[in-house]
Amino acid sequence: MNSMKIYALFSWILFWGCCYAHSTEARQFSNSCIYKIHGSILDAETKQPISFATVMIKNTKNGVVADEHGKFLLDKLCKKEYTLVFSSVGYEDYHKHISLQEDVEMNILMTRKMMTLSEVVVSDDHVEQRKNEVPLSMEIVDSDFLIQNQGGSLMQSLDRLAGVTTIDIGSGQSKPVIRGLGFNRVVVVENGIKHEGQQWGVEHGLEIDQYAVDNVEVIKGPSSLRYGSDAIGGVIDVKQNRLPEQNTFTGTVDLTGKTNNNLLGTSIALAGRKGHLFTTFRATLLDYGDYKVPTDSVDIYSYRAPLYNNQLRNTAGNEHDLHFSFGYVKPAFQSRFYVSNIRVKSGFFANAYGLEPRNVDTDLHDRSDRDIQYPYQQVNHFKIINRTQRNWSKYELKSELGFQRNFRQELSQYVAHGYMPATYQGEANFAPDLDRQFDKYVFSANVEGAYFKTNKTSFTFGINSAYQDNAINGHGFIIPAFRQFNLGSFALVKHGITEKSTLQVGLRYDYGNIQIERYHDWFTSPVVSGTDTTYQYLQRADDLDRDFSNVSWSVGYNYNHKNWSFKTNIGKSFRMPIAQELGANGVNYHRFSFEVGDPDLSPEVAYQLDAGLEYSAERLAFGLTPFANYFPNYIYLNPTSEHDRLYGNGNQVFYYSQTKVLRYGGEIHAHYRIIDPLRFGLVGEYVYAEQLSGKKKGFTLPFSPPASVIFNLRYEKNKWKFLENIYMSLDYKIAASQTRIVPPEEVTEGYQVVNLGLGGDVKMQDRNLSISLQVQNLFNTKYFNHTSFYRLINVPEAGRNFILNIAIPFSIKI
């Protein structure tokens with residue numbers, strides 16, 4: 001109750017603070033020049049606000065920069081004629097002539113330029129103006145970048161960005177790591193709603209279709225202020241915000257092929273718009289076989305498993321995705337519904353699942369490289385989202401409502417572990433081949449309002465809430481069923497101190513509740529008491545009901561002068577423990593370990609400092625983004641000398657524990673245009689982490705990425721004969737050895753790998769056919785990725801892979 005009282009008091013303060021800001025608004029004009037021009041700057045296609053566009057009075061040095069919501073205000077204007085020039089990176093300049101006789105409100109619609117990749121990928125050219133206006137380290141990429149750097153999943157496609165790595169399991173499953181932090185410390189947002197699956201598991205990927213992405217914002221560093229618990233490490237914001245052109249019916253057919261795992265895929269998109277109504281549709285089909293590695297065997301602890309034809313047996317899979325959206329749009333109002341269903345079925349590497357890697361029917365698995373045998377997983381993620389936005393001259397209101405159901409099953413042939421019955425006779429309510437099942441329902445709601453007091457000062461207030469209900473089933477147990485509720489409020493104030501500098505201050509309050517259900521084994525185990533032995537259904541988890549609350553804050557500052565930009569941000573972030581950390585008590589079949597939670601864990605708190613310095617000119621650009629953070633109670637999985645004897649073959653026991661942790665590092669990026677079509681660049685990253693207390697004092701953290709740098713040579717040409725937007729790219733990546741490890745991790749040697757890319761558009765009448773070709777791991781180098789899930793069992797990264805993508809667009813005027 002005390003937490004709720006604090007929350008009510010906090011909300012009351014925010015409400016009356018907002019009212020006070022409205023009531024104290026003052027307007028001071030001279031007697032002669034008392035008029036103003038104000039309004040919104042919007043994308044002509046999507047009708048979304050254009051952040052930080054420039055508004056200049058022609059032939060003068062007078063002007064303003066619109067805020068992040070596209071709002072602008074020119075005041076103290078006289079009765080006369082003006083020509084306003086609106087400009088923004090990636091858009092055609094817009095000229096508006098006005099004979100001013102009274103206050104004027106207007107909506108400006110700006111048209112996008114035809115841009116090459118270098119103009120829209122911040123990590124390469126650093127010209128995205130938004131980065132210079134927010135106090136966070138951010139990367140922004142579009143769908144062209146994802147196609148030209150396509151991996152097995154969306155997260156693998158983002159791996160080229162500085163500070164972003166992935167934890168991979170197989171060719172199509174991965175989860176993001178930002179500056180060495182992953183799992184429930186990185187939030188993935190899709191269309192405004194936090195994506196909720198079973199992201200606690202190393203082997204669980206994210207159910208997001210990378211073909212159905214318009215652009216991605218990667219926020220590196222603390223983002224709890226806006227996104228709440230779990231954003232303590234960063235945010236990956238996936239957006240589908242493009243709108244069809246007025247009175248058109250358009251579509252694109254994407255065809256993809258990969259040689260390493262013989263992937264064949266297609267994605268078909270359709271979109272139409274008539275007046276204020278629009279709709280979109282996409283279907284994606286992928287089918288792939290076992291992927292190849294540049295070795296003929298792998299060492300799984302003390303056992304060497306031979307590989308047939310260099311293939312990881314049973315890593316084939318398929319994916320079937322459907323997306324549908326529809327909505328209503330006007331200049332100051334938009335409401336859009338998104339409906340999607342992602343269905344994935346993929347095999348687990350047969351020698352790396354269960355309790356005995358030797359007991360694998362290699363003849364069965366090696367008979368075909370495309371079939372999916374036991375063990376395998378199947379996942380279905382259904383999602384409905386509504387996003388609505390209403391703009392007024394000085395106000396903005398947004399809402400986001402979401403429903404998700406994540407249904408995951410892991411299946412394998414029934415094998416008795418510990419005291420399980422030798423044969424399954426239907427003693428419990430599940431199929432004999434069902435190892436584990438997780439069924440999660442999620443309801444989410446976000447509301448955000450903004451008040452633009454002047455063109456320099458704005459106030460933003462928001463409320464986020466989510467409810468989760470996660471049920472379990474199957475003969476294997478690792479985490480209990482749980483229900484979780486989160487509620488948070490935040491307030492942000494942004495003020496332009498001068499034309500070159502901006503200050504942003506934010507405050508947030510979070511409340512969370514988690515309820516864990518008691519769980520008993522479905523079979524009996526012997527319990528010895530003195531000389532008596534009884535058989536009992538052992539309790540693996542007890543009932544638990546815990547509340548968590550926290551106040552987070554952030555202060556950020558930006559300074560921009562000519563070609564230079566400086567930013568810094570300091571703050572406190574928060575993350576409440578998840579069900580796995582509080583209540584785990586079972587075998588992890590993927591890691592050959594036994595994991596035990598701690599119901600008394602405290603929530604994680606982090607104090608973080610981020611900075612950024614960038615220089616951008618016509619031929620040269622570079623940037624440096626250092627960071628540091630301190631966790632007084634970091635939660636991690638601590639290995640011990642104990643071994644489990646009840647549920648397997650003596651697996652090593654890991655306990656969830658807490659320790660003090662210091663982390664620091666940064667990214668560097670630069671490019672130099674040698675001649676007009678040829679550019680040289682580099683992207684580097686470094687992370688250092690050290691435990692300052694506990695049994696692993698002096699050790700680093702698990703899955704800490706090594707230092708690395710990518711040297712890039714890129715050639716671009718606008719047109720040659722019948723080809724347009726031509727590019728050729730060479731990446732040379734050098735990764736250092738990772739010698740700072742946490743047992744049972746092993747030292748990972750450094751490596752060097754070369755990737756190639758080329759492509760362009762083929763002009764076909766009134767449309768362009770886009771072709772992209774990649775060659776990943778050009779020299780088929782055998783190397784290990786320290787952050788890969790399979791590194792624990794000495795599986796190298798995938799071998800040489802040719803990736804071809806062809807996009808065929810079409811359009812019809814209605």
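Colleague: Of the contacts in the protein with a separation of 6 or more, what share is between residues 24 or more positions apart?
Modeller: This is a predicted model, where local features need pLDDT of at least 70, side-chain atom pairs count only at pLDDT 80 or more, and totals for chains, interfaces and linings use all residues. Residues are numbered from 1 along each chain as its sequence is written, and side-chain values use heavy atoms, with hydrogens and water left out. A contact means heavy atoms within 4.5 Å. Among contacts with a separation of 6 or more, the share from residues 24 or more positions apart is 67%.

Colleague: What radius of gyration does the protein have?
Modeller: The C-alpha trace spans about 100 × 70 × 50 Å along its principal axes. The radius is taken over C-alpha atoms, and the globule rule is 2.2 Å times the number of residues to the power 0.38. For 814 residues the rule puts a compact globule near 28 Å, so the protein agrees with it at 28 Å.

Colleague: How many helices and strands are there in the protein?
Modeller: Both are DSSP runs numbered from the N terminus: helices are H or I with at least four residues, strands are E with at least two. The secondary structure comes to eight helices and 45 strands.

Colleague: What percentage of the residues of the protein count as buried?
Modeller: Buried means under 20% relative accessible area, exposed over 50%, and partly exposed in between, with a 1.4 Å probe and protein chains only. Of the 814 residues, the buried part is 57%.

Colleague: Which residues touch the most other members of the largest nonpolar core?
Modeller: Such a core is a set of buried Ala, Val, Leu, Ile, Met, Phe, Trp, Tyr and Cys residues joined through side-chain atoms within 4.5 Å. In soluble globular proteins, nonpolar side chains tend to be buried together. Of the 41 residues in the largest core, those touching the most other members are L312, F349, W522, Y790, I793 and V795.

Colleague: Which elements give two or more residues to this core, and which residues does F349 contact beyond four places in sequence?
Modeller: The elements giving two or more residues are strand 9 (164-169), strand 19 (297-300) and strand 36 (593-596). Apart from this core lies another, of 21 residues, among them A53, L74, M106 and I108. Leaving aside neighbours within four places in sequence, F349 is in contact with V298, I300, L307, L312, R313, N314, T315, Y790, I793 and V795.

Colleague: Which cysteines are joined by a disulfide, and what is its handedness?
Modeller: A disulfide is a pair of cysteine sulfur atoms within 2.5 Å, and the count comes to one. This disulfide joins C33 to C78, with S to S 1.7 Å. The pair is 45 residues apart, with C33 in the loop between helix 1 (2-23) and strand 1 (35-43) and C78 in the loop between strand 4 (71-77) and strand 5 (81-87). The torsion about the S-S bond of C33 and C78 is about 55°, so the disulfide is right-handed.

Colleague: Is C78 buried or partly exposed?
Modeller: C33 has a relative accessible area of 14% and is buried. The relative accessible area of C78 is 25%, so C78 is partly exposed.

Colleague: With which side chain does the side chain of S573 make a polar contact?
Modeller: S573 is found in strand 34 (residues 564-575) and is buried, at a relative accessible area of 2%. A polar contact is a pair of N or O atoms within 3.5 Å; within protein, one must be able to donate a hydrogen and the other to accept it, and residues adjacent in sequence count only if both atoms are side-chain atoms. At 2.9 Å, the side chain of S573 makes such a contact with that of Q608.

Colleague: Which residue has a side chain joined to that of Q437 by a polar contact?
Modeller: Q437 lies in strand 25 (residues 434-452) and is buried, with a relative accessible area of 15%. Not counting residues up to four places away in sequence, Q437 touches F407, R408, Q409, A471, I472 and N473. The polar contact, of 2.7 Å, joins the side chain of Q437 to that of Q409.

Colleague: What is the omega of the cis peptide bond that joins Y374 and P375?
Modeller: Most residues other than glycine have a negative phi, and most peptide bonds are trans. P375 lies in the loop between helix 7 (362-366) and strand 23 (376-391). For the cis bond between Y374 and P375, omega is about -5°.

Colleague: What is the phi of N794?
Modeller: N725, in strand 42 (residues 723-735), has a positive phi of about 50° although it is not a glycine. N794 is placed in the loop between strand 44 (767-776) and strand 45 (801-813), and is buried at a relative accessible area of 15%. The phi of N794 is also positive, near 65°.
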